[in-house]
Amino acid sequence: MKNETHPIQVILYEGDGAQPLAASERFAVFSQLLDKGYAVMRVTAEKARLESPGVGIPLVVIGNFGGTAPALEDAAGQIEITTHDIGGLAPDAVLDLIEQGRVADQRGLNQPGVSGMWKPWFPVIDYDRCTNCMQCLSFCLFDVYSVDDNQKIQVKNQDNCKTNCPACSRVCPEVAIMFPKYAAGPINGDVVNQVDLEREKMKVDISSLLGGDIYSRLRDRSEAAKSRFSKERSPDKALDERKRCLTKLQQSGIIPAEVLAELDLASLPSPEEIQRRAAEAAAKAQAAREAAGTA
Amino acid sequence: MKILYCRCAFAQVVPQETKDAVLEKLCESGASFETVSDLCEMAARKDDRLKELLGDGETPVKIAACYPRAVKWLFHNAGVPFPQEEGKVEVLNMRDQSAEDIVNELTGN
């Protein structure tokens, strides 16, 4: 789960009244703070002015002030400012100082490099390429996509996205969906070339082989199940159906195996819910196409 | 001109040696600059500072991060589109470009 609070803004002040750090020391301070999740700004004599990072975001100003850090305050009283003299402190001691202050103020921070913790993984839409075809909306099982008031596709519930799963990007016919943390192009945002377009079209065909999308496949199976005995429509059967669909998707390579392995299949939407969403997605897609005059 | 450096700290997709070399050179320069731990992390929280990072729209901004297409739409999707005027924001790609090229672009050498 990600932390939603605004972290503090650290400023390394090296303007008038402060001695600049040695370049190696400066690099060590920056890299340690950045790797812990902090934002750090360097202010030199060239631009010896503190800029507001925004209302409500506390500033922590550090510098080699020669023993005593100056007391600073925001004239408008909107920004909390703390100052520290870091002269003589090793870079890891600077990090400790910042960490202690943050924890004491009970300010949350998303920390990178911590196993099992939240990671920023979500789709980014390239609207220069997107044709509003709604394939992503109807494909995603986790309700990540929706449409805005103008029937334009948008990422609505990015926190629902499954870490390391780029499946919607793979089925996008225009390669308009990016995951910046993905290893390979064009999903990572690399330039899209003709070969990529052809390859992505082929993947859409693979998806079609599975029944157009997982919703329609599940819907078809659910319809078929209605004609059988009612005992066939048990939750266990539905779960099996879903597992089989996901296994096929796994075999197709669209959804990475490790992502499927982490899915709690029991927590996925019920077959009825899937049908409802599929109908809703189809209606949204149709409305969007009509609004765009492409129906 | 404003310089922004993204550490991409939440993933191992930008070569460590490139992002270290770029930061090292920035630290050796006399320039003021801004650094963030991870632009994706900030975009995920729709952090208000994203707007501040792009500045007033008049001052040119150079961003050392990853693929320009990804960075442009990351800001856009977080509600902070790049300025309309072409060239006001330049994204330098630490995933593909050499550290030397990026530093030269950032510092104007």
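This is a predicted model: local features need pLDDT of at least 70, side-chain atom pairs count only at pLDDT 80 or more; totals for chains, interfaces and linings use all residues.
Let's start with the chain-to-chain contact as a whole. On the chain B side, B:Phe10, B:Arg49 and B:Arg69 stand out: they supply 19% of the area that chain B buries against chain A, more than any other three residues. As for charge pairing, 4 salt bridges run between chain B and chain A, while the search over all chains gives 14 for the whole structure. A salt bridge also joins the side chains of A:Asp35 and B:Arg7, with an N to O distance of 2.9 Å.

Part of the picture between the chains is a pair of helices, one from each chain. Helix α1 of chain A (residues 23-35) packs on helix α1 of chain B (residues 16-28), with an angle of about 130° and 9 Å between the axes. The two helices are therefore oblique to each other, and α1(A) passes α1(B) in a right-handed crossing. From α1(A), the residues making this contact are A:Ala23, A:Arg26, A:Phe27, A:Phe30, A:Ser31 and A:Leu34, and they meet B:Asp20, B:Leu23, B:Glu24, B:Cys27 and B:Glu28 of α1(B). Sorted by class, that comes to 6 nonpolar, 1 polar and 4 charged residues.

A:Arg26, one of the residues in that helix contact, also has a partner within chain A. A:Arg26 forms a salt bridge with A:Glu14, and their closest N and O atoms are 3.0 Å apart. This pair links distant parts of the chain, since A:Arg26 belongs to helix α1 and A:Glu14 to strand β1 (residues 9-14), 12 residues away.

Each α1 helix also packs against a helix of its own chain. In chain A, α1(A) and α2(A) meet at an angle of about 40°, their axes 9 Å apart, which makes α1(A) oblique to α2(A). Their crossing is right-handed. Here α1(A) contributes A:Glu25, A:Ala28, A:Val29, A:Gln32 and A:Leu33, and α2(A) contributes A:Pro91, A:Asp92, A:Val94, A:Leu95 and A:Ile98. The residues of this contact split into 7 nonpolar, 1 polar and 2 charged.

Over in chain B, the partner of α1(B) is helix α5 (residues 99-107), and the pair packs at about 35° with the axes 9 Å apart. The crossing of α1(B) and α5(B) is right-handed. The contact brings B:Thr18, B:Ala21, B:Val22, B:Lys25 and B:Leu26 of α1(B) up against B:Ala99, B:Ile102, B:Val103 and B:Leu106 of α5(B). By class there are 7 nonpolar residues, 1 polar and 1 charged.

Most residues other than glycine have a negative phi, and most peptide bonds are trans. A:Gln106 is not a glycine, yet its phi is positive, at about 55°. A:Gln106 lies in the loop that runs between α2 (91-104) and β5 (124-125) of chain A. The peptide bond from A:Gly185 to A:Pro186, meanwhile, is cis, with omega near 0°. A:Pro186 also sits in a loop, this one between β8 (177-178) and α5 (194-209) of chain A.

How values were computed. Residues are numbered from 1 along each chain as its sequence is written. Chains are lettered from A and ligands numbered from 1 in the order in which they are written. Side-chain values use heavy atoms; hydrogens and water are left out. Axes are lines fitted to C-alpha atoms, for helices over the stretch in contact, and angles run from 0 to 180 degrees between N-to-C directions. Helices (H or I, at least four residues) and strands (E, at least two) are DSSP runs, numbered from the N terminus. Angles under 35 degrees count as roughly parallel, over 145 as roughly antiparallel, 65 to 115 as roughly perpendicular and the rest as oblique. A crossing is left-handed if the near helix is turned anticlockwise from the far one by less than a right angle, and right-handed if clockwise. Contact means heavy atoms within 4.5 Å. Ala, Val, Leu, Ile, Met, Phe, Trp, Tyr, Cys and Pro count as nonpolar, Asp, Glu, Lys and Arg as charged, and the others, Gly among them, as polar. Buried area is the accessible area (1.4 Å probe) that two parts lose on being put together, summed over both.
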